[in-house]
Amino acid sequence: MNSAAAIVLIFCMLSTATSSSAAQNCEIARMKCAYRKGCGTALQNYMFDCASVLAGRVFRCTTLCKRALISLASTPEGKELMKCDCNGSDFCILSKERVEVCRSEVTQATAEDTVVSCSVAHWICVADLLCSTALEYYRHWCHAMFRGYRCTHRCNNSLAILNRQAKAEKLRSCFCDGSEEFPCRRIKVNMERLCYGREDFVLGENHVDPHRSSAIQLERTHLLTWVSWLFISTLTVNTWIRLKMEELNWR
């Protein structure tokens, strides 16, 4: 099987039916997605970020794979791709089975009333051409606001345009969980104070995902355990050195 055929097949996923007369052929669905700017970008991200899951090297839904799938599933072409017809291909069916570990999280995140992290909301927006364009203008015109100086007229206007985009809805309600590639909490505070006039706005410490908080707590526990082990090991080494020095002195 050549690489092009393999790429076509690995995107046949998240569908319980292996064949359906209503489903598009995977080749057609892939081409439709690939030639749409937003879906094409999401498709590329999926190809790289979910490779370990699809290859069977990882048996959980990694964070990067989940985000890539959420981004892909948020586009009309991506939705069609996810339920495309494998046409009886064992490789395609196996890929679907492996990516099933992501289904519940992806379904929940893409539901209309679900609040997601700002990094996920960002990916959903970027996968849509209009939202992505509005987001680029917002980034371009709001540098002064990002730094906490002022919200200019052009920044305010670009923010209003962004807020009108359907795929930006989750950006308006998203929470900062620390996984963003931008200073999420600072931008939220500056935007509320400078653009919306809420000068007394404070982003509470509870403005995080509870699941993320539990994960952070677990990471801290592991870190403390590691530090304790390192401390004990250091003491052991120091004791050994001291005993050796004393042994040399006796000689």
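Trainee: At what angle do helix α2 and helix α3 pack, and how far apart are their axes?

Mentor: First, the ground rules. This is a predicted model, in which local features need pLDDT of at least 70 and side-chain atom pairs count only at pLDDT 80 or more, while totals for chains, interfaces and linings use all residues. Residues are numbered from 1 along each chain as its sequence is written, and side-chain values use heavy atoms, with hydrogens and water left out. Helices (H or I, at least four residues) and strands (E, at least two) are DSSP runs numbered from the N terminus. Axes are lines fitted to C-alpha atoms, for helices over the stretch in contact, and angles run from 0 to 180 degrees between N-to-C directions. Here α2 (residues 26-34) and α3 (residues 37-49) meet at about 115 degrees, and 6 Å separates their axes.

Trainee: Why are α2 and α3 called roughly perpendicular?

Mentor: Angles under 35 degrees count as roughly parallel, over 145 as roughly antiparallel, 65 to 115 as roughly perpendicular and the rest as oblique. The pair packs at about 115 degrees, and α2 and α3 are therefore roughly perpendicular to each other. The contact (heavy atoms within 4.5 Å) is made by R30, C33 and A34 on the α2 side and by C39, G40 and L43 on the α3 side. By class, the residues of this contact are 4 nonpolar, 1 polar and 1 charged. Ala, Val, Leu, Ile, Met, Phe, Trp, Tyr, Cys and Pro count as nonpolar, Asp, Glu, Lys and Arg as charged, and the others, Gly among them, as polar.

Trainee: How many helices and strands does the chain have?

Mentor: There are 15 helices and 0 strands. Of the contacts with a separation of 6 or more, 70% are between residues 24 or more positions apart.

Trainee: What percentage of the chain do buried residues make up?

Mentor: Buried means under 20% relative accessible area, exposed over 50%, and partly exposed in between (1.4 Å probe, protein chains only). Of the 251 residues in the chain, 39% are buried. Helix α5 (residues 63-73) is largely enclosed by the rest of the structure, because 8 of its 11 residues are buried. Those residues are C65, R67, A68, L69, I70, S71, L72 and A73. Take S71, which is buried with a relative accessible area of 4%. Leaving aside neighbours within four places in sequence, S71 contacts A42, W123 and A127.

Trainee: Which residues are closest to the centre of the second largest pocket, and what is its volume?

Mentor: On a 1 Å grid over the protein atoms alone, a cavity is a set of points where a 1.4 Å probe fits but cannot get out, and a pocket is an open set with protein on both sides within 12 Å along at least five of seven lines; lining residues have an atom within 4 Å of a point. Points are joined across faces, edges and corners, and a volume is the space filled by probe spheres set on them. The second largest pocket has a volume of about 520 Å³. It is lined by 23 residues, and Y138, L171, F182, I187 and M191 are the closest to its centre. The elements giving two or more residues to the lining are α9 (118-126), α10, α12 (153-163), α13 (169-173) and α14 (184-195). Helix α14 gives the most, with 5 residues. The lining divides into 16 nonpolar, 3 polar and 4 charged residues.

Trainee: Is Y138 buried or exposed, and what does Y138 touch?

Mentor: Y138 lies in helix α10 (residues 129-141) and counts as buried, at 9% relative accessibility. Not counting residues up to four places away in sequence, Y138 touches M145, F146, S158, L159, L162, I187 and M191. Y138 and L162 are 24 residues apart along the chain, with 7.2 Å between their C-alpha atoms.

Trainee: Where is H122 found, and which residues does H122 touch?

Mentor: H122 is in helix α9 and is buried at 17% relative accessibility. Beyond four places in sequence, H122 touches L135, R139 and L171. Its C-alpha is 8.3 Å from that of K170, 48 residues apart in sequence.

Trainee: How does N156 read: buried, partly exposed or exposed?

Mentor: N156, in helix α12, is partly exposed, with a relative accessible area of 33%. Leaving aside neighbours within four places in sequence, N156 is in contact with C151 and C195. T152, in the loop between α11 (143-146) and α12, is also partly exposed, with a relative accessible area of 25%. T152 and C195 are 8.2 Å apart in space, C-alpha to C-alpha.
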